[in-house]
Amino acid sequence: QVQLVESGGGLVQAGGSLRLSCAASGSISSIKAMAWYRQAPGEQRELVAAITGTDSTNYADSVKGRFTISTDNAKNTWNLQMNSLKPEDTAVYYCGAKIRTLLIVRDYWGQGTQVTVPS
């Protein structure tokens, strides 16, 4: 069994910063890729940032230059540093990962954490 647990969401004023963290635990052999997604009310879930095992990163155009994804592979954790937050960043943020267990490789998701940036 694999679990992803997010932390760090909350309410922050426009221009402020938040740091989200995701910790993976369980029967993990390796983590192939780690990512953050978000879903605003009435919208589809979208990729915010991703990082692979070779530290290759990918960001949504809307967050480039403001958000940074990082990992602590030894601890199976990854973070999303969010700076210069805007009201349009308001959403539920989910961490996700492609994880190899003893038998298979599949995607796992956290439960989501709310980020609110009032206008």
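Trainee: Why is Leu103 called exposed?
Mentor: Exposed means over 50% relative accessible area, buried under 20%, and partly exposed in between, with a 1.4 Å probe and protein chains only as cover. Leu103 has 79% relative accessibility, so Leu103 counts as exposed. Before we go on: this is a predicted model, where local features need pLDDT of at least 70, side-chain atom pairs count only at pLDDT 80 or more, and totals for chains, interfaces and linings use all residues. Residues are numbered from 1 along each chain as its sequence is written, and side-chain values use heavy atoms, with hydrogens and water left out.

Trainee: Why is Asp55 called partly exposed?
Mentor: Its relative accessibility is 49%, so Asp55 counts as partly exposed. Asp55 also has a positive phi of about 70° although it is not a glycine, and it sits in the loop between β5 (46-52) and β6 (57-59).

Trainee: And what makes Ser84 partly exposed?
Mentor: Ser84 has a relative accessible area of 41%, and therefore it is partly exposed. Ser84 lies in the loop between β8 (77-82) and β9 (91-100), and its phi is positive too, near 50°.

Trainee: What makes Arg38 and Asp89 a salt bridge?
Mentor: The term asks for a side-chain nitrogen of Lys or Arg within 4 Å of a carboxyl oxygen of Asp or Glu. In this pair the N to O distance is 3.0 Å, so the contact is a salt bridge. The pair links distant parts of the chain, 51 residues apart: Arg38 is in strand β4, Asp89 in the loop between β8 and β9. Both Arg38 and Asp89 are buried.

Trainee: How many salt bridges does a search of the whole structure find?
Mentor: Five. One of them joins Asp61 and Lys64 at 3.1 Å, and both of these residues are exposed. Another joins Lys98 and Asp107 at 2.9 Å. Salt bridges that share partners also join Arg38, Glu46, Arg66 and Asp89 into one network.

Trainee: How do you know that there is a cavity?
Mentor: Rolling a probe the size of a water molecule over the atoms shows where empty space is left. On a 1 Å grid over the protein atoms alone, a cavity is a set of points where a 1.4 Å probe fits but cannot get out; lining residues have an atom within 4 Å of a point. The search finds one cavity of 30 Å³ or more, and the largest cavity has a volume of about 30 Å³. β4 gives the most to its lining, with four residues.

Trainee: What makes a pocket something else?
Mentor: A pocket is an open set of points, with protein on both sides within 12 Å along at least five of seven lines. The largest pocket has a volume of about 200 Å³. Its lining has 17 residues, with Ala33, Met34, Ala35, Tyr37 and Ala50 nearest the centre.

Methods: Helix = DSSP H or I, 4+ residues; strand = E, 2+ residues; numbered from the N terminus. Points joined across faces, edges and corners; volume = space filled by probe spheres on them.
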